Amino acid sequence: MRRFSWFNATALSLGFAFLYIPMIILVVYSFNASKLVTVWAGFSTQWYGELIRNEEFLNAAWVTIKVAVMSSTIATVLGTMAAYVLVRAGRFSGRTLFSGMIYAPLVMPEVITGLSLLLLFIGIGLDRGVLTIVLAHTTFSMCYVSVVVSSRLVSFDQSLEEAALDLGCSAFDAFRLVTLPIIAPAVISGWLLAFTLSLDDLVIASFTTGPSATTLPIKIFSAVRLGVSPEINALSTIMIAIVTVGVITASLITKQAAVRQARDERMAERPA
Amino acid sequence: MSQTVFAPWNDPDEKPLIQFRNVTKRFGDFIAIDNLTQDIYAKEFFALLGPSGCGKTTMMRMLAGFEAPTKGQIFIAGQDMARIPPNKRAVNMMFQSYALFPHLSVWDNIAFGLKREGKDKDAIAARVDEMLRLTRLSKFAKRKPHQISGGQRQRVALARSLAKAPKLLLLDEPLGALDKKLRQDTQFELMDIQEKTGTTFVIVTHDQEEAMTVASRVAVMDEGQIIQVATPAQIYEAPNSVYVADFIGDVNIISGRAKPNGEKVAIHWAEGQPDIIGTTATKFEAGQEIHFAIRPEKVAISTEEPADAANKTKGKVLDIAYLGNISTYHVELPTGHVVKAQTANTRRLSRRVITWEDPVWVSWTDTAGVLLER
């Protein structure tokens, strides 16, 4: 039997075309020599050069990276802590409620998250800028981190921590010396996920930003309203590249390292 | 030259290392340990034996400090352990899953506890090497846990828990994962190590053979209580209840009514059958319910009527279990009781005289069985 029947091949190419043709067009036109976006006039990298000289875009990029690094780092710390408590603390009243609540922001419409954060910042009189975007991004990416980390913790043999305590570790040392090294791949991929989420967020950022801090997605969005330029295409191509690398790395780390770690752990136990 | 028998539990001047005093542990509504009092002495190899859910693991986890008693007190070396966390106890545990740290080498696994004590590097290295030699693991020091065999992992777990020279070592089903041959070798190795290091061992197991082999005393547990504590020989030969007799090894139990007669007790157990004559130190009232327990190897089986047996009865062979070195005959009596009789196969099988459906006599002496109240 042929594995690739014409039906399978068509279905596959249609699906992938649907997903990737818009992006491919964008990437191709970023190398267009013409200033008109829809007319192909030969290959050129001039728009990338122009991009590097564009101060506004560079500033926005710097703000975006700052926000992404800070918010994903804070989100990783908080998300890991939350996951640890929810998986490890055993039964306490309201545990189910808490673990449900930590997933709620995953399905909450971004507009509502953004709006509620905006109201909060106005309410407590916080000037909107880099800080408020960092806080907002931490809030919504934290739950992604906690989902990734807690799924790793569930399969973690708790007697490893007990063994560490038994051998003289304090609870914090047991976490630092035994738990953290073992769940590190999940924590790193949680960080990468939070980083890419923050990088491409437009809705929440535009609610919580101020005049001093414009992130790249906001910049692109406002620039496009004046008309699509090849420069924007070039910028978008770079962002696609960064996000792709981030996501692929995250999934590779999670898959490979987690599989290996789980195997090591299983092997470190008694044979079945 | 006679050796001194190790029996600190019989010495009233000896101070116990571990004392459980009226300890109760509840998990919600479930009572895991029910008002338990027990002493364990230094250098003992003490086995907690029972079916799953009998509370043996809970007892061990309370000694390690992972669980706190709901009521009552636990003393180790005279100190009340109530407020002492696991990392401050001179107690180490070998986990059922071994719980080796997968990201550390064998060497680092064993050194882990020593490093927490803040000892200097040379002292740690010397102690780890000593442990590696003791458990014959020197060749594997640099390997990770997933690069060694199951038996080796088990020895790493033992070495790691012994490295800090604890007063008390807890072993949670330590040999469960090993195959039978390796398990038997390891049992003797464990006893050897226990003797060499002079550490007190408390072992949790559901394998009665293992408990009998390694332990100085065995505690048979059921539903959160210790039913009997005694040496393996006493547990086997003089169980204090039907539960213990039945849990340890194979046994025939025949219930009836007591008819005391001087030092002997006759047991009326079935109409038309001669009473069973047994010997006991316990006083039985006439007509009291009584259970007669006898091990299969103490029941003789013959084709001819035995001339001078205190107890004998006729039956026919229902089943034969051939185990190589021994054979167990299931003999059905006219009353419907089935009695198991065991004989050593000192002759080759081809010359065996008794076979299925054969009418046979089973017999035993008046001191072969135990008389039990419950």
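**Note on the predicted two-chain model**

1. The largest nonpolar core holds 141 residues. Those with the most contacts inside it are B:Ala47, B:Leu63, B:Ile110, B:Leu170, B:Val202, B:Ala219 and B:Val220. A nonpolar core here is a set of buried Ala, Val, Leu, Ile, Met, Phe, Trp, Tyr and Cys residues joined through C-beta atoms within 7 Å. Buried means that 20 or more other C-beta atoms lie within 10 Å of the residue's own; exposed means 12 or fewer, and partly exposed is in between, with C-beta atoms placed from the backbone.

2. Helix H8 of chain A gives the most to this core, 13 residues. In chain B, domain 1 (8-245) and domain 2 (250-302 + 309-372) both contribute residues, so the core lies between them. The domain bounds come from an automatic or database domain assignment.

3. This is a predicted model: local features need pLDDT of at least 70, side-chain atom pairs count only at pLDDT 80 or more, and totals for chains, interfaces and linings use all residues. Residues are numbered from 1 along each chain as its sequence is written, while chains are lettered from A and ligands numbered from 1 in the order in which they are written.

4. What does B:Ile110 touch, leaving aside its neighbours within four places in sequence? B:Ile110 is in contact with B:Val128, B:Met131, B:Leu132, B:Val156, B:Ala159, B:Arg160 and B:Ala163. Contact means C-beta atoms, placed from the backbone, within 7 Å.

5. Now the interface. 23 residues of chain A contact 24 residues of chain B. On the chain A side, helices H7 (159-166), H8 (171-199) and H11 (230-268) each give two or more residues. Helices (H or I, at least four residues) and strands (E, at least two) are DSSP runs, numbered from the N terminus. By class, that side has 11 nonpolar, 4 polar and 8 charged residues. Asp, Glu, Lys and Arg count as charged; Ala, Val, Leu, Ile, Met, Phe, Trp, Tyr, Cys and Pro count as nonpolar; the others, Gly among them, are polar.

6. Chain B has an open sheet of 5 antiparallel strands, in the order E15-E19-E16-E17-E18. Strands E15 (300-302) and E18 (338-344) of chain B are at the edges with a single partner each, so one side of each lacks a neighbour in the sheet. E15(B) pairs with E19(B) (359-364) over 3 bridges; pairing requires at least two DSSP bridges. B:Ile301 has B:Val362 as its bridge partner.

7. B:Asn311 sits in strand E16 (311-322) of chain B. B:Asn311 counts as buried, with 21 C-beta neighbours inside 10 Å. B:Asp275 is 36 residues from B:Asn311 in sequence, and 8.1 Å away C-alpha to C-alpha.

Notes. Two residues are in contact if their C-beta atoms, placed from the backbone, lie within 7 Å.
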